Amino acid sequence: MLWRKLLVPLTSLLLLLTASAGAGSAAASTGSPAGASAEAAAADYGAPGPYATAVEVGAVTTLYYPRDIATSDRRHPVIVWGNGTFAFPVVYRDLLLHWASQGFIVAAANTPQSNLGISMRAGIDLLTRRNADHSSPFYDRVDLEHIGASGHSQGGAAAIVVGADPRIDTILPIQPGPLADIDDVHVPALLLAGQNDSIVFPFLVKAFYNDADHIPAIYGELRGADHFTVVGDPGPFAAPTTAWFKAQLMGDQTARAQFFGAGCGICTDSGTWSDVRRNGLASR
């Protein structure tokens, strides 16, 4: 199909052009606003969380994490991340730091070709080793029982691929490319599309949702968003992605109410969402 042929070159060019935006505006994601309590920051999923953050760039994986993790009084859940075609974690730096400020350890694959999910799985392996290493600041601070997978474009497809790994507890593909089979996933899924996305059209994301009738699945289409809204300042993607991972990996019931139950918050928020769908398994 023509759109598949155009996807790689168009995504590559535009992600490279916007990479500097992701690198230049991350300071706001490094901690809570002055004077804000940890509880207030955590309740506003789009605002910076209560944790100052740090970044460690490795050969295969870049880690975004709470800076004082070595002295933390808790274990921190993990999010593995896959980049869009020809992109690197710096392109999505603001979003990944935002998640780290909310208490997550993000293991972002450095590869610009993430679709197979190999480097994303390597991030889990890395943190497993660090969690067992007495000399590591991550020692006994990684919650390996709660791991999510996310990514954008080609990396969104990779999140679906990695979702078949038994270590994964939830997936959150953002505008995922087509090269994945959601039939292999057996954990809850939040599939995000952009209303104005002309590269991964919303109907393509909806096709994954329609095929995900064996798992709790939610389709969310962000009003006005194009394929690159998530790049740099993640804008409308910050709050719902954070709330999803808080609900799925931290047991946050306030966050869970944004997606599940009769009072589903995103279901009535027509200002943010142009289309929201939940299958039967996600409507409880």
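Predicted model: local features only at pLDDT ≥ 70, side-chain atom pairs only at ≥ 80, totals over all residues.
1. Helix α7 covers residues 238-250, and its 13 residues reach 17 Å from the first C-alpha to the last, which is close to the 18 Å expected at 1.5 Å a residue. Eleven of the 13 residues are buried, so α7 is largely enclosed by the rest of the structure. Among the buried residues of α7 are Trp 244, Phe 245 and Leu 249, and the list also includes Lys 246 and Gln 248.

2. The count of salt bridges comes to eight. One of them joins the side chains of Asp 165 and Arg 121, with an N to O distance of 3.5 Å. Because Asp 165 lies in the loop between α5 (154-162) and β6 while Arg 121 belongs to helix α4 (residues 118-132), this pair ties together parts that are 44 residues apart in sequence. Asp 165 counts as buried, at 9% relative accessibility, whereas Arg 121 is partly exposed, with a relative accessible area of 25%.

3. Lys 206 forms a salt bridge with Asp 275, and here the closest N and O atoms are 3.4 Å apart. Distant parts of the chain are linked by this pair, since Lys 206 sits in helix α6 (residues 202-211) and Asp 275 in strand β9 (residues 273-278), 69 residues apart. Lys 206 is buried, with a relative accessible area of 17%, and Asp 275 also counts as buried, at 16% relative accessibility.

4. Salt bridges that share partners join Arg 121, Asp 125, Asp 165 and Arg 167 into one network.

5. A further salt bridge brings together the side chains of Arg 141 and Asp 140, at 3.4 Å from N to O. Arg 141 is buried, with a relative accessible area of 15%, while Asp 140 counts as partly exposed, at 26% relative accessibility.

6. On the surface, a patch of negative charge gathers Asp 181, Asp 183, Asp 184, Asp 211 and Asp 213.

Note on methods. Residues numbered from 1 in each chain as written. Heavy atoms only, no water. Patch = residues over 30% accessible without salt bridge, like charges linked within 9 Å, V, L, I, M, F, W, Y side chains within 5 Å. Areas by Shrake-Rupley, 256 points an atom, 1.4 Å probe, with all protein chains shown as cover. Salt bridge = Lys/Arg side-chain N within 4 Å of Asp/Glu carboxyl O. Lys, Arg positive; Asp, Glu negative; His and termini not counted. Charge placed at Lys NZ, Arg CZ, Asp CG, Glu CD. Helix = DSSP H or I, 4+ residues; strand = E, 2+ residues; numbered from the N terminus. Expected span 1.5 Å × (residues − 1). Buried < 20%, exposed > 50% of the residue type's maximum accessible area, 1.4 Å probe, protein only.
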